[in-house]
Amino acid sequence: MADSLRNLVLVLGDQLDLDSAAFDGFEPDRDAVWMAEVAHEAGQVWSTQARIAVFLAAMRKFRDALRARGWTVHYRALDQHEAPTLEAALAADLATLRPARVLALEPGEWRLAQSLPATCAAAGVGWSLRTDRHFYCDHDDFQAWAKGRREYRMEFFYRWLRKREGVLMQGGEPLGGRWNFDADNRGSFDRRGPGLLPAPRSFPADAGTGEVLALVAERFASHPGGLEGFDWPLDRAQALQALDDFIAHRLPLFGRYQDAMWEGEPWLYHSRLSAAMNLRLLAPREVVDAAVAAYEAGAAPIEVVEGFVRQVLGWREFVRGMYWLRMPEFLDDNALDAQQPLPGFYWTADTDMACLRDALGQSLRLGYAHHIQRLMVIGLFAQLLGVRPREIHEWFLAAYVDAVEWVELPNVLGMSQFADGGRMVSKPYVASGRYIERMSNHCAGCRFKPGEATGARACPFTTLYWDFLDRHADRFAAHPRTALQWKHLAGKAGAEIEGIRTQAAALRERLAAGSRPRHPPAA
């Protein structure tokens with residue numbers, strides 16, 4: 001490399017794209033790449049061991065791929081520096097490397113979008129930001145779509161983007177004659193269960209990943225979860241293999257059972273691609289194109305493919321737009337004035353509620369739960385209980401291997417908790433234990449009864465559901481999309497409502513008393 005360093009290309013842990021716009025014009029004899037592992041990124045929320053390991057192992061594989069190109073990569077592993085934060089690590093290296101400028105892709109976190117350019121300015125080094133072409137929709141596109149709207153609805157955004165991109169379209173109309181096949185994609189398993197499931201492609205740890213697993217097990221031993229069975233795709237080749245495996249073996253039945261749950265079955269027909277996508281190992285266009293190609297080949301029906309495409313092209317792009325449209329105030333939203341602390345069992349899965357025990361245990365063990373487990377079990381209980389939105393947001397950010405703030409925060413605060421007051425979704429996603437009974441086998445083995453709201457056998461979801469309706473009747477009783485739920489509340493006798501209020505208050509008091517995690521997050 002020449003003595004004078006022109007560009008120091010900063011790569012964050014969720015920007016592992018070999019074709020990144022940050023590398024456009026890269027000259028190996030004048031430019032270099034900078035990456036760093038810092039404990040603060042694992043400790044600002046109490047990240048599961050699986051989440052930490054996915055990021056560190058994928059980063060190291062990416063470093064090795066860049067070095068295989070003959071590029072210089074200044075990589076700061078955890079045991080190679082003592083900087084407490086990413087910003088401090090960067091500042092220390094800027095003082096010795098002295099590049100003309102730091103060149104970066106748009107960060108996926110609002111905090112870093114503010115702090116990294118400030119770090120460069122303090123060091124007297126230039127800062128240049130490039131647009132992230134990983135997504136279908138950039139910030140300007142989304143803001144143009146959002147301009148003048150009082151409410152932001154994914155369905156309208158999704159139709160607009162599908163038309164613009166020509167995805168599942170024919171002559172200006174949606175293939176199959178409908179934009180949305182949700183009604184066809186709400187199946188559950190009968191009492192025989194899912195039967196023999198196609199196991200997802202596994203990626204056992206190689207030597208380098210094994211070193212990361214040993215490091216995480218030692219250095220982050222107090223963090224939740226474990227690393228047994230760790231087998232996530234961690235580089236571009238593995239991510240492509242995981243995509244091919246999903247399209248061939250699980251996509252055809254994904255739609256029908258995408259909302260179903262079954263005890264001890266974490267994967268079912270889900271893709272396991274979200275972590276690879278959020279690390280930038282896979283681009284959304286190639287994922288959508290692969291699903292559409294399966295439809296065109298007759299390998300998967302339109303309702304399945306449309307449902308999957310809507311999750312990627314629709315919801316994923318929409319939540320990113322909403323994140324950047326509303327940060328930083330989004331983080332402090334609490335429209336329903338939820339003030340309950342997060343129950344301690346969210347960090348241990350030690351609860352008598354079978355559905356939560358299974359979903360939380362799986363989340364902590366694997367760093368994974370599918371979208372209905374997240375929304376209609378883990379998130380639902382927090383909303384019905386009235387947990388402070390920021391606490392449940394931080395839990396979700398800590399728990400999952402695919403969790404980066406731009407996608408996690410809007411999903412939790414906007415969709416799951418209705419903390420934004422309806423800017424993203426028109427009504428709160430609330431249900432009683434009857435929903436979980438319908439979509440899973442959890443209730444069959446649980447000591448609580450989903451049809452009972454009071455008494456020793458009452459399902460806490462059901463008690464808290466009716467209490468939620470009671471507490472928020474003034475806000476939602478006249479809402480056109482929620483009036484029916486609140487009409488059912490009006491049909492309950494006064495004595496029954498009083499019993500529900502009393503049982504809900506006692507439940508909140510008991511859970512608040514046990515709200516501290518066994519090992520609190522690092523300060």
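In the predicted model, Arg-192 and Asp-190 are joined by a salt bridge in which the closest N and O atoms are 2.6 Å apart. Arg-192 has a relative accessible area of 70% and therefore counts as exposed, whereas Asp-190, at 36%, counts as partly exposed. The count over the model comes to 38 salt bridges. One of these is formed by the side chains of Lys-61 and Asp-206, with an N to O distance of 2.5 Å. Lys-61 belongs to helix α2 (residues 49-68) and Asp-206 to the loop between β7 (173-174) and α7, so this pair ties together parts that are 145 residues apart in sequence. Lys-61 is buried, with a relative accessibility of 17%; Asp-206 is partly exposed, at 38%.

An α-helix has 3.6 residues a turn, so residues three or four places apart point the same way. Of the two partners, Arg-159 is partly exposed, at 31% relative accessible area, and Glu-155 is buried, at 18%. Elsewhere, Arg-6, Glu-27, Arg-30 and Asp-31 are linked in a network of salt bridges.

In one of them, the ring centres of Trp-145 and Phe-157 are 5.3 Å apart and the planes stand at 75 degrees, so the pair is edge-to-face. Trp-145 is part of helix α5 (residues 139-146) and Phe-157 is part of helix α6 (residues 154-165), so the contact ties together parts that are twelve residues apart in sequence. Both Trp-145 and Phe-157 are buried. A further edge-to-face pair is made by Trp-232 and Trp-267, at 5.7 Å centre to centre and with 85 degrees between the planes. Trp-232 is located in the loop between α7 (207-219) and α8 (236-249), and Trp-267 in the loop between α9 (251-254) and α10 (274-278); the pair therefore ties together parts that are 35 residues apart in sequence. Trp-232 is buried, with a relative accessible area of 5%, and Trp-267 also counts as buried, at 18%.

Seven aromatic residues are grouped in one cluster: Phe-345, Tyr-346, Phe-381, Trp-395, Phe-396, Tyr-400 and Phe-461. Aromatic rings also meet charged side chains. The charged end of Arg-320 is placed over the ring of Phe-135, at 3.8 Å from its centre, and Arg-69 lies over the face of Trp-71, 4.8 Å from the ring centre.

Helix α3 (residues 86-97) contains twelve residues and spans 16 Å from its first C-alpha to its last, close to the 16 Å expected at 1.5 Å a residue. Leu-86, Glu-87, Ala-89, Leu-90, Asp-93 and Leu-94 are buried in this helix. Viewed down the axis of α3, the buried residues fall within an arc of 155 degrees, so they line one face of the helix. Ala-95 and Thr-96 are exposed on the other side of α3. The buried residues of α3 pack against β1 (7-10), β2 (31-36), α1 (40-43), β3 (73-76), β4 (101-105) and α4 (110-123). Just after the helix, Arg-98 adopts a positive phi of about 45 degrees.

Helix α21 (residues 494-513) has 20 residues, and the distance from its first C-alpha to its last is 29 Å, close to the 28 Å expected at 1.5 Å a residue. Its buried residues are Ile-497, Ile-500, Ala-504, Leu-507, Arg-508 and Leu-511. These fall within an arc of 100 degrees when seen down the axis of α21, so they line one face of the helix. On the other side of α21, the exposed residues are Gly-494, Ala-495, Thr-502, Glu-509, Arg-510 and Ala-513. The buried residues of α21 are covered by elements including α14 (371-385), α18 (460-471) and α20 (483-490).

Key
Residues numbered from 1 in each chain as written. Predicted model: local features only at pLDDT ≥ 70, side-chain atom pairs only at ≥ 80, totals over all residues. Heavy atoms only, no water. Phe/Tyr/Trp six-rings, centres within 6.5 Å; stacked < 30°, edge-to-face > 60°. Helix = DSSP H or I, 4+ residues; strand = E, 2+ residues; numbered from the N terminus. Buried < 20%, exposed > 50% of the residue type's maximum accessible area, 1.4 Å probe, protein only. Lys NZ or Arg CZ within 6 Å of the ring centre and 35° of its normal. Expected span 1.5 Å × (residues − 1). Arc of directions from axis to C-beta. Contact = heavy atoms within 4.5 Å. Salt bridge = Lys/Arg side-chain N within 4 Å of Asp/Glu carboxyl O.
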